[in-house]
Amino acid sequence: MDRATRITFLAMLVVLAVAPFVLYPIFLMKVLCFALFACAFNLLVGYVGLLSFGHAAFFGSAGYVTAYTVKMWGLPPELGILLGAATGAGLGLVIGWLAIRRQGIYFAMITLALSQIVFFYALQAPWTGGEDGIQSVPRGHLFGLIDLHDPMAMYFTVAAIFVLGFLFVYRVIHSPFGQVLKAIRENEPRAISLGYETDRYKLLAFVLSATLAGLAGGTKSLVFQLASLTDVQWQMSGEVVLMTLVGGLGTIFGPIVGAAVIVTMQNYLAEFGSWVTIIQGFIFVVCVLTFRRGIVGEIIGRFGPKGAAPTGGGH
Amino acid sequence: MFELIGIPPQALFGQLLIGLINGAFYAMLSLGLAVIFGLLNIINFTHGAQYMMGAFVAYLCLTHLGLGYWGALIVAPILVGAFGILLERTMLHRLYKLDHLYGLLLTFGIALIVEGFFRHLYGSSGLPYAIPAELRGGYNLGFMFLPTYRAWVVVASVIVCFGTWFVIERTRLGAYLRAATENPTLVQAFGINVPRMITLTYGFGVALAAFAGVMAAPIYQVSPLMGANLIIVVFAVVVIGGMGSIMGAIVTGFALGVVEGLTKVFYPEASNTVIFVIMAIVLTIKPAGLFGRTA
């Protein structure tokens, strides 16, 4: 990590450690789950240049699997979350395999359409509980020792999962594999001519992103003790796009900031009902028209070294 | 009466007709998307919201102005088309030099605003819109009952679709349009006002969506979310057909509507997803789409 990143990361750890003593833990856990979800999404859109409009499929279905296995099979929470992540990975493999056949907006439309299959499955399948979802999921004991019904224990578990996920994304981006991903984003034909099988790279990136989205979704279902249709709906796919866009596409900390901003906004505006949708749409429009680098992208652009900011526009 | 593979013919033909109606809407909407995409290189996510606006204009005309169905069929496309032109002039045209994805994100945001706005005013439940008096009733064809309004929707949408096809593929104006799709700079060099053509094309595509919305008002209920779920199916239709061809969009739209209707008869559980599954199959066999040119 370079110096600025290291300092920001340490500052983030401090904030994570102090926050539950100042703010409501459930709210913080919600932010962290969405931050991890947005980081997973950003891995794909920010570093490979593939805009998926169906990430709710991985997030939501992982939530169902975690909730079901923990509640019905009595699995310990860590196994339930891992199974959730595995669900994300499996679905990611299938959907990714189909979607990488097309580029650009087609990719977005295909992921959106395929995620609708997952949505209708969740709506109709007997084990997902239809409109009710899976309710009152027990949080259980982590590794058989730590009682997760204690809000602080749950919070630090979620924080640990988030930090691990974040470090994993960082590692992937800064590996040789991540360099190839960026090459594909910038100029795919050139990457092909250099001998890279770009489809394999794209598929692996897609699966990694879906796995992390599943990790986030599984964790969220334990936090709220609920898996519901909200998390598999296309509106959720739109929300994660919005979070990443607001925070800054292709920046490491952007999705986290974006998730915090959007979840906070939803919290304060919850009582206004349909205004939330209107304001989210408005933020989308403003971001696309005038603020394409996002919050973190703007900060890097203003204060960071020259050329460090993502271009936010491209070709 | 005879039975076909254990299905009573009334049910079979009834679902076929519903499929044909749905197909008419898929065709009209995917046609508009394809026309817009051809010239603007933007996938218009607001299309579903604009279809909904068309239905709402019809509803509001009737309740507030006393203007009936036939008037709405003219007024709604003009009003909503003007709204589209306003969007293009104020926002969309700033994005042409950027990655296409920003156009998708912008129009998605506008769709959220429009749908949220209508939901705020009218709630989520559907509002009824009566079938105009001239088109009530129906014909008994012996093997099934054909409601006049549904027959009208199929006929009118076929006329609109083929009219659009004719203008684009067979007239001078259409030739300019196709040329500008291939190479806008060159066409502009020949003295044709390409930016205005782009604006009007977007307006036309949007007007087509609004027209479909008015036609849909008596069949489906008028509700703020009527376009949101439909647009995703239309996206799948567009992926299956490929956006390279106008005729492709029309044919795929009708065909998929019929397939969906048949699925309702034989395996109703899959009727919501059959189009998405077909899309997945087409992607494995012919990734560019049935009528598509190379990606």
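**Confidence.** I began with pLDDT, which is the predictor's confidence in each residue, on a scale from 0 to 100. The model is predicted, and I looked up its overall scores, which are ipTM 0.88 and pTM 0.90. For chain B I noted an average pLDDT of 88, with 97% of the residues scoring at least 70. Within chain B, confidence is lowest in strand β1 (residues 138-140), where the mean is 81, and highest in helix α3 (residues 69-90), where it is 94.

**Chain A as a whole.** I found 13 helices and two strands in chain A. Its radius of gyration is 19 Å, close to the 20 Å that the globule rule gives for 315 residues, so chain A is as compact as a globular protein of that length. The C-alpha trace of chain A spans about 50 × 40 × 40 Å along its principal axes, and 53% of the 315 residues of the chain count as buried. I also looked at contacts in chain A with a separation of 6 or more, and 75% of these are accounted for by residues 24 or more positions apart.

**Helix α5 of chain B.** I checked the length of helix α5 (residues 148-170) of chain B: at 1.5 Å a residue its 23 residues should span 33 Å, and the end C-alpha atoms are 32 Å apart, which agrees. The buried residues I noted in α5(B) are V153(B), S157(B), C161(B), T164(B) and I168(B). What covers the buried residues of α5(B) includes α1 (9-40), α6 (172-182), α8 (194-216) and α10 (246-266) of chain B.

**Where the chains touch.** I recorded 37 residues from chain B and 36 residues from chain A in the contact. On the side of chain B that touches chain A, α4 (100-122), α9 (228-241) and α11 (274-285) of chain B each supply at least two residues, and the largest share, 16 residues, comes from α4(B). I sorted the residues of that side of chain B into 25 nonpolar, seven polar and five charged.

**N42(A).** I located N42(A) in helix α2 (residues 25-47) of chain A. Is N42(A) buried or exposed? N42(A) has 28 C-beta neighbours inside 10 Å and therefore counts as buried, the cut-off being 20 or more. Leaving aside neighbours within four places in sequence, I found N42(A) in contact with T244(A), L249(A), G254(A) and P255(A). N42(A) and G250(A) lie 208 residues apart in sequence, yet their C-alpha atoms are 6.3 Å apart in space.

Conventions. Residues numbered from 1 in each chain as written. Chains lettered and ligands numbered in written order. Predicted model: local features only at pLDDT ≥ 70, side-chain atom pairs only at ≥ 80, totals over all residues. Helix = DSSP H or I, 4+ residues; strand = E, 2+ residues; numbered from the N terminus. Rg over C-alpha atoms; globule rule 2.2 N^0.38 Å. Buried ≥ 20, exposed ≤ 12 C-beta atoms within 10 Å, placed from the backbone. Contact = placed C-beta atoms within 7 Å. Expected span 1.5 Å × (residues − 1). Nonpolar A, V, L, I, M, F, W, Y, C, P; charged D, E, K, R; others polar.
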